[in-house]
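The points are grouped by topic.

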Amino acid sequence: MTGAEMIIRALLDQGVDVVFGYPGGAVLPIYDAIFGQNKLRHILVRHEQGAVHAAEGYARSTGKVGVVLVTSGPGATNAVTGLTDALMDSVPIVCITGQVATHLIGNDAFQEADTTGITRPCTKHNYLIKRADDVARVVHEAFYVSRSGRPGPVVIDMPKDIQMAKGKYVGPEKVVHRTYQPRVKGDSAAIERAVKLIADAKKPIFYAGGGVINSGPAASKRLIELARLTGVPVTNTLMGLGGFPGSDPQFIGMLGMHGTYEANLAMHDCDVMVCVGARFDDRITGRLDAFSPKSKKIHIDIDPSSINKNVSVDVPIVGDVGSVLEDMIAIWKRDGLSADKNALKAWWKKIDEWRGRDCLRYEQTDSTIKPQYAIERLYAMTKDRETFITTEVGQHQMWAAQFYKFESPNHWMTSGGLGTMGYGMPAAIGVQLAHPDALVVDIAGEASILMCIQELSTAVQYSLPIKIFILNNEYMGMVRQWQELLHGGRYSESYSAALPDFVKLAEAFHAKGLRASRPEDVDGLIEEMLNTDGPVVADIMVDPTENCFPMIPSGSAHNEMILGAADVNRREVSDAGKALV
Amino acid sequence: MPQPEKRARRHTIAVLVDNEAGVLARVIGLFSGRGYNIESLTVAETDPSNYRSRITIVTSGTPMVIEQIKAQLGRLVPVHKVRDLTTEGALVERELALIKVAGKGEPRVESLRIADIFRARVVDSTNDSFVFELTGSSEKLNAFVELMKPLGLVDVSRTGIVAISRGADAL
């Protein structure tokens with residue numbers, strides 16, 4: 001077999017059914033091999049960044065590895081944003097990049113780039129294949145590395161002469177990685193200590209992140225079971241939404257910078273914190289030296305480098321979240337443990353008091369659509385069917401996280417760590433391909449959507465009925481919000497001037513365009529959007545001045561939240577806080 | 001919350017890696033990308049039959065930072081083992097230097113006398129130069145270099161520190 005044929009064979013042997021890519025000179029032999037078969041489906045994107053985000057959407061919604069195929073040079077460099085995004089959010093991706101022929105490497109050949117050099121810091125691992133006999137092994141290894149442990153992107157750089165050279169194929173069962181064997185099972189002594197701490201806690205909290213999603217649906221079921229057994233309140237990170245049911249009474253909302261009042265205060269006041277597959281990110285902790293000062297902290301993570309990175313913890317447990325939760329449940333049942341009922345009752349009373357502040361409250365007027373209202377209506381009208389939500393990055397993303405309730409894992413795709421504007425539409429394409437009969441909505445902003453708008457063409461080509469729900473406030477809303485709160489209302493370059501007419505834009509792409517400008521039009525728009533077979537761009541003109549609250553201003557602690565516009569003036573942000581992103 | 005130790009200390013870390021293309025770049029990139037400092041780094045293949053190389057890194061940081069460095073190194077796919085030799089028992093550290101001194105007459109004789117005191121070997125000699133080979137602790141090497149400065153020091157090449165644990169156990 002040629003190198004190119006072995007690539008296709010190896011992908012098929014890995015169970016791949018779809019590849020997102022864009023052809024070019026240095027991958028023509030692989031495209032030729034794709035042409036000669038019909039088992040592997042190729043989705044032609046319009047920009048390589050879109051290919052990676054689409055693969056991310058596919059991966060996050062299925063738990064499988066997403067696959068990307070791009071050419072050398074600009075093909076590879078365009079993929080870098082997507083790869084970095086996948087690294088930050090632990091998404092399993094295998095990205096095959098074409099490369100100039102081996103004898104040309106280092107000669108500044110046409111469309112040559114040092115792809116392994118450029119992608120080294122933004123991948124979990126990468127390979128440059130130099131012998132045709134290595135092709136199959138490297139592909140199988142790449143899939144193993146990508147999905148094992150903490151998942152992440154892996155790049156395989158494949159020179160054109162290797163694609164054309166003959167080599168020997170080996171199947172996946174013959175490939176065992178020599179060094180990479182991440183730990184799955186948690187240390188049993190540490191797990192015993194953790195369970196004891198939970199049983200003795202007066203004010204416990206589960207803080208669950210994307211690790212619950214990455215571990216698989218079983219982890220989510222175990223989290224629910226442990227929460228039921230213990231009666232402990234649960235909060236999710238942005239990446240963890242859906243890992244615990246959003247409408248569950250034990251769920252106290254998302255935590256962090258735009259998390260709920262009750263979640264953040266419970267984090268601040270708790271006496272035992274169980275971090276389940278999350279990483280104490282700065283968007284979560286706020287000011288580190290004031291972060292949950294009175295709690296004992298238990299941290300379950302498959303990646304040892306996440307533990308004690310930002311916050312020192314008392315009981316570190318390295319292992320797969322699902323496996324560790326299973327062990328915890330077993331110990332709890334074995335010892336017939338029960339929580340301190342009176343203490344928990346008092347704790348829940350306190351939490352309900354905080355809930356009573358109704359921190360997500362907003363006022364819908366007769367004249368302008370509030371963005372929160374648009375999402376609430378979208379939720380109300382789509383919650384009874386299988387719906388996947390993707391987002392871009394900014395205010396709309398936070399409102400989506402606050403107002404859309406996710407009942408199960410893998411239904412929420414957002415760019416958390418890197419915060420990549422332009423993520424949502426290509427991600428929606430990937431989700432829709434994996435779930436052809438489900439509803440897929442990209443909740444977007446008018447600025448973000450323009451960053452990967454070209455992928456609308458992809459959606460149309462493959463008749464993917466994704467719905468793009470633009471909350472159009474004519475501003476880079478989050479930038480405008482920070483300028484209002486931190487920079488004296490000097491709105492430097494954050495106004496979305498010269499916006500396209502999104503309805504006409506949709507039509508130019510052969511998609512359907514809709515617009516709503518008044519609150520009473522929102523339901524009708526959503527109904528029409530849902531009743532349209534193909535892709536839809538819905539342009540919802542929302543209040544341009546609305547800010548996203550609650551908010552922990554940068555450099556502040558969890559108990560120093562801004563609850564709403566009336567609360568803003570009480571808060572001075574320090575210069576040190578302003579220096580934070 | 002346990003109060004972490006804030007003082008930065010010097011640590012010698014041994015890393016066993018697969019000897020594959022780019023592995024050194026991964027290690028160095030990790031240090032520069034995450035803002036850790038490298039005081040010294042040495043690398044060579046130590047087990048050719050298994051394609052293994054050993055990297056010795058001298059770095060400094062608080063215990064929290066050193067723990068991060070170890071975890072981050074351990075996370076690299078081609079890394080087999082990471083050991084903090086400084087905290088895991090006693091260790092032997094050595095460095096080798098080649099030191100070129102040029103001159104004639106009394107300074108030349110003096111350099112040879114000092115080399116003898118330091119147990120440095122002459123590995124190259126011309127009518128107006130010596131190359132000394134000196135092995136020992138970094139401090140010893142520093143001291144020797146200082147003494148050679150007024151005697152015609154022209155060039156220094158040092159390996160950086162290599163280290164191994166004392167006792168019978170392997171890494």
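Two strands are taken to pair if DSSP finds at least two bridges between them. By that rule, strand S8 (residues 234-236) of chain A pairs with S9(A) in the parallel sense, over two bridges. The model is a predicted one.

**Sheet in chain A**

- Strands of a sheet pair through backbone hydrogen bonds, in either a parallel or an antiparallel manner.
- In chain A, six strands make up an open sheet with parallel pairing, and their order is S9-S8-S7-S10-S11-S12.
- Strand S9 (251-254) and strand S12 (315-318) of chain A are the edge strands, each of them pairing on one side only.
- On average, and with direction ignored, neighbouring strands of this sheet are turned by 15° against each other.

**Nonpolar cores**

- In soluble globular proteins, nonpolar side chains tend to be buried together.
- The largest nonpolar core has 203 residues, and the members that touch the most others are A:Ile7, A:Val68, A:Ile156, A:Tyr207, A:Val276, A:Ile540 and B:Val15.
- Leaving aside neighbours within four places in sequence, A:Val68 is in contact with A:Phe20, A:Gly21, A:Ala51, A:Val52, A:Ala55, A:Ala79, A:Ile93, A:Cys95 and A:Ile96.
- Another core, of 12 residues, lies apart from the largest one, and its members include B:Ala115, B:Phe130, B:Phe144 and B:Leu151.

**Contact between chains A and B**

- Chain A contributes 17 residues that are in contact with 21 residues of chain B.
- The side of chain A that touches chain B consists, by class, of six nonpolar, six polar and five charged residues.

**Domains of chain B**

- Chain B is divided by the domain assignment into domain 1 (9-84) and domain 2 (92-163).
- Between the C-alpha centres of domain 1 and domain 2 of chain B the distance is 29 Å.
- Contact between these domains of chain B involves seven residues of domain 1 and six residues of domain 2.
- On the domain 1 side of this contact, the elements giving two or more residues are strand S1 (9-18), strand S2 (40-47) and strand S3 (52-61) of chain B.
- S2(B) gives the most to that side, with three residues.
- By class, the side of domain 1 of chain B that touches domain 2 has three nonpolar and four polar residues, and no charged residues.

Note on methods
Residues are numbered from 1 along each chain as its sequence is written. Chains are lettered from A and ligands numbered from 1 in the order in which they are written. This is a predicted model: local features need pLDDT of at least 70, side-chain atom pairs count only at pLDDT 80 or more; totals for chains, interfaces and linings use all residues. Two residues are in contact if their C-beta atoms, placed from the backbone, lie within 7 Å. Ala, Val, Leu, Ile, Met, Phe, Trp, Tyr, Cys and Pro count as nonpolar, Asp, Glu, Lys and Arg as charged, and the others, Gly among them, as polar. Helices (H or I, at least four residues) and strands (E, at least two) are DSSP runs, numbered from the N terminus. Axes are lines fitted to C-alpha atoms, for helices over the stretch in contact, and angles run from 0 to 180 degrees between N-to-C directions. A nonpolar core is a set of buried Ala, Val, Leu, Ile, Met, Phe, Trp, Tyr and Cys residues joined through C-beta atoms within 7 Å. A residue is buried if 20 or more other C-beta atoms lie within 10 Å of its own, exposed if 12 or fewer, and partly exposed in between; C-beta atoms are placed from the backbone. Domain bounds come from an automatic or database domain assignment.
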